[in-house]
Amino acid sequence: MNRQLTYAQSIAEALVQGMEQDPNVFVFGLGVDDYKGIFGTTRAAFEKFGKARVFDAPASEGALTGVAIGAALNGKRPVLVHARNDFMFLALDQLINNAAKWKYTYNGKSTVPFVTRGIIGKGWGQGPTHSQSIQSIFAHFPGLVVAMPSNAYDIKGIILQSLKVDCPVVILEHRSLYDIKAEVPQNPYTVDFGKANVVREGSDVTIVASSLMVFESLKAADVVARDGIQVEVIDPVTIQPLDEKTILRSVAKTGRLICADTSWLRCGFSAEVAAVVAENIPQALKAPVKRIGFPECPSPVSKALEDVFFPSYRDIVSAIYAVAGKEPGVDIPNLQVVDSFKGPY
Amino acid sequence: MDNQRDLLSLMLKIRKAEEKIVEVYARDQKMRTPTHLSIGQEAVAAALAVALLPGDQVFTGHRCHAAYLAKNGDYEGFFAELCGRASGVSAGRAGSAHLTDPSVGIYSSPILGATIPVAVGAALSFEMDQKKDIAVAVFGDATVEEGVFAESVNFAVTKKLPVLFVCENNLYSTHSPLSVRQPPSPIFERVRMNEFPTEQVDGNDVLKVYEAFRTAIKYIRYCRMPFFVECLTYRVREHVGPLHDYDRGYRTKEEVDQWLGKCPIARLSKTLFDEKIMTHTEIDKEEEKWAQMADDAYTKALQSPWPDALSMTEHVY
Ligand SMILES: Cc1ncc(C[n+]2csc(CCOP(=O)(O)OP(=O)(O)O)c2C)c(N)n1
Ligand SMILES: [Mg+2]
C-alpha cells in the first residue's frame with residue numbers, strides 16, 4: 001500500500017514543504033509553537049524552521065489578520081492559524097472589508113495573498129461558541145477563496161495551492177477529520193480551486209457534501225447500496241469558487257439532489273447548491289431537494305442534545321430514501337461514529 | 001475583619017467542587033464539556049463575591065467556575081450543567097465555559113473579551129436607571145490583548161460608568177507566557193493611562209484581594225467611575241482539563257511548586273488558626289462539608305434526566 005497520512009499529518013507536511021519552496025511563507029497565531037502545535041499541525045514546521053518563521057501571537061485575532069494583510073502586500077506569505085474557526089468572527093472586519101476587496105478596489109495593482117486556517121470543532125460539549133462552522137460568511141463576499149477539504153490528500157494540495165495564488169484563502173478544517181488517513185504522495189503537489197471531486201459514482205441520487213459530510217455521505221451511500229440505491233457523492237473541495245458544472249452534470253443524470261453541509265441551512269452552502277440547480281436545471285429534478293445541516297438553534301453542550309444536533313449518515317440515509325421515494329428496506333446500522341474527541345478534553 | 005470565615009468557606013466551595021471534577025472527569029467521562037479549572041486561583045472570586053452586594057453583576061469568560069460558585073451559584077445546578085443534564089443551571093446547553101445564572105448576577109461566555117463590553121453595558125443601564133449597582137468584568141491576562149478590551153475601557157471611562165475590571169493574571173495564555181505576548185511593564189500600569197484608578201495585588205492572598213476590591217468597589221459605587229485591579233495568581237492544573245502539565249515543557253515543576261506554596265486556602269487557614277479565629281477541627285469540618293456536598297451534587301446530577309431533544313430549539317428567539 002502507498003503511504004498513508006492522517007489529515008493532521010498531511011497539513012503538517014504541507015506547511016513544511018510550502019515553507020521549503022518559498023522563504024516568504026511564515027506561520028503564526030495563538031499557540032502555533034507550543035507543544036501541542038495546533039493538534040500537531042504546526043509542530044513540524046516549528047521544529048524545522050524555528051521561531052523566526054513559526055511564531056506565537058497575542059490574543060488579537062483582528063489585528064493579526066490586518067498584520068497578515070500588511071505583510072502580504074509586501075511580498076510575505078503569511079499563514080494565520082485559529083484553533084477554532086469561531087475565533088475568526090473577531091477577524092471578520094479585516095477579512096471582509098480589507099482582504100476580500102483589496103485587489104479589486106485597487107484595480108489589481110496591489111494584492112494580499114495570505115492563508116487563514118480555521119478549525120471546525122464538534123463534540124465533547126464544545127458548545128455554542130466552539131463548534132460552529134462558518135464557511136458561508138466567507139463565501140458570501142467576493143474575493144476570498146474558501147476551501148473545506150474533506151481528506152488528507154486534498155488538504156495538502158489545497159494548502160500548497162493557497163501558497164501560490166494571488167488572493168487571500170480561507171481554509172476550514174474539520175477537527176473530526178484530523179485522524180482519518182488517506183494516501184498522500186510525499187512530493188509536493190497542488191489541488192485546484194473550483195474543481196469538485198466525484199468521490200463515488202452513482203445513478204440514482206446526487207449528494208453534494210462539504211468537509212466532514214463527505215465522509216458521512218459515503219457511509220450513507222454504503223448503507224443504501226444494500227437496498228439497490230446508487231448514490232453519487234460530490235465533494236466541491238472549495239465552496240468558493242464552486243464547481244457548478246460537476247454538480248449540474250451529476251444532478252442532470254440522477255434527478256435527485258441532497259445537499260449535506262456542516263452548518264446551518266439558512267443562507268448557507270446547502271442553500272447555494274440548491275439554488276444553482278434550481279436556476280439551471282429545474283426540469284431535471286424528479287423530487288424536491290433535501291438539505292442536511294444543523295437544526296435551527298445554536299450548538300448545545302449536553303451529549304443528549306449533541307446527538308440530535310449534529311447530523312450524521314443516519315440523517316443522510318433517511319434523506320436518500322425520501323428523495324428516492326422508497327421505504328427503507330434495510331435497518332440503518334450503527335456504524336462507528338467519527339468523533340476524534342475521545343475525552344477527557 | 002469579620003468576613004474571614006466567609007472567604008475561607010467560599011474558597012473551599014470552589015476547591016472542593018473542582019477537586020471532585022479532577023477525581024471524576026477522566027475516570028467517569030460523564031462531564032463532556034471542556035473544563036478550565038481555577039484550582040489555585042480561588043482567592044479572586046471569593047474576595048469579589050464577599051465584597052460585592054447581591055444586586056451587582058459579574059461577567060466572566062471560559063475560566064468561570066470560581067466566579068459562578070462564589071457568586072452564590074448553585075452546586076447542584078453546577079454539577080448537573082457539567083454533566084449535561086436538564087437540571088443544570090442552563091439545562092445542559094451551556095456547559096463548563098458558559099456558566100450563567102441571572103438570578104445571582106453571574107454571566108459567562110468563553111470567546112476572549114466577549115463579556116467585557118457586556119459588563120460595561122450593564123453598568124450603563126445602572127447609570128441610566130440611577131441604581132447603585134455595579135458591574136464587574138473578570139478576565140485573564142491574555143484577554144487584555146483583544147481590541148475589545150481597550151474599546152470597553154475607553155467607553156467606560158468616557159461615560160464614567162461603575163465597572164470593576166478584574167484581570168486574573170496567571171502568567172499564561174494556554175501555554176504561552178506573558179513575555180511573548182506583551183511588553184514587560186505590569187498590565188495595571190499600562191491600563192492606568194486611561195485615567196482611572198488601577199492597582200495590582202497579590203491574588204493568592206485573599207485578605208489583600210478582599211481589601212483591594214472593597215476599596216475599589218467603594219470608589220466605583222460612590223464616584224461612579226471605573227477601577228481596574230490586576231490580581232497576580234497562578235493556574236495549578238493544565239489550561240483545559242483536570243491534569244497536571246508541568247512535564248510538558250512550557251513551565252517547570254519548580255514554578256508550579258513555588259505557587260502551590262502560595263495556595264490561598266492554605267494561607268488563609270493558617271492565618272485563621274494563628275489568630276485563633278478557627279480551630280483546625282473547624283476548618284476541617286468546613287472542608288468536609290463542601291466535599292460532601294460536591295459528592296452529593298455529582299451523584300444527584302448523574303441520576304438526573306437528560307434534556308428532552310424536543311426542547312433543543314426552544315428559546316432561540
Ligand atoms: C477570541 C478567542 N481566541 C482564542 C480563544 C482560545 N482560548 C481560550 S482560553 C485562551 C487563553 C486565555 O488566556 P487568559 O485570558 O490569560 O485566561 P486564562 O486561561 O489564563 O485564565 C485562549 C487563547 C478564545 N476562546 N477566544
Ligand atoms: Mg492567563
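This is a predicted model: local features need pLDDT of at least 70, side-chain atom pairs count only at pLDDT 80 or more; totals for chains, interfaces and linings use all residues.
**Ligand site**

I began with the shell around ligand 1, whose residues divide into eight nonpolar, eight polar and four charged. Residues are numbered from 1 along each chain as its sequence is written, chains are lettered from A and ligands numbered from 1 in the order in which they are written, and side-chain values use heavy atoms, with hydrogens and water left out.

Next I listed the neighbours: 20 residues surround ligand 1, each with a heavy atom within 4 Å of it. The closest are Glu61(A), His62(B), Arg63(B), Thr143(B) and Asn170(B). The site is shared between chains, because residues from chains A and B surround ligand 1.

I then looked up polar contacts (pairs of N or O atoms within 3.5 Å). A polar side-chain atom of Thr143(B) is 2.8 Å from an oxygen atom of ligand 1, and a backbone N or O atom of Ala142(B) lies 3.0 Å from an oxygen atom of the ligand. A polar backbone atom of Pro110(B) sits 2.8 Å from a nitrogen atom of ligand 1. Taken alone, ligand 1 exposes 580 Å², and the protein buries 93% of that (Shrake-Rupley method, 1.4 Å probe).

**Aromatic rings**

I found 29 aromatic pairs over all chains; rings of Phe, Tyr and Trp (its six-membered ring) pair if their centres lie within 6.5 Å, and planes over 60 degrees apart count as edge-to-face. Phe149(B) and Phe165(B) have ring centres 6.3 Å apart and planes at 85°, so I noted the pair as edge-to-face. This pair links distant parts of the chain, 16 residues apart: Phe149(B) is in helix H6 (residues 147–158) of chain B and Phe165(B) in strand S4 (residues 163–169) of chain B. Helices (H or I, at least four residues) and strands (E, at least two) are DSSP runs, numbered from the N terminus. Phe149(B) is buried at 6% relative accessibility, and Phe165(B) is buried at 0% (buried means under 20% relative accessible area, with a 1.4 Å probe and protein chains only).

I also saw ring pairs linking Tyr68(B), Tyr75(B), Phe78(B), Phe79(B), Trp290(B) and Tyr298(B) into a cluster.

Key
A polar contact is a pair of N or O atoms within 3.5 Å; within protein, one must be able to donate a hydrogen and the other to accept it, and residues adjacent in sequence count only if both atoms are side-chain atoms. Ala, Val, Leu, Ile, Met, Phe, Trp, Tyr, Cys and Pro count as nonpolar, Asp, Glu, Lys and Arg as charged, and the others, Gly among them, as polar. Rings of Phe, Tyr and Trp (its six-membered ring) pair if their centres lie within 6.5 Å; planes under 30 degrees apart count as stacked, over 60 as edge-to-face and the rest as tilted. Buried means under 20% relative accessible area, exposed over 50%, partly exposed in between (1.4 Å probe, protein chains only).
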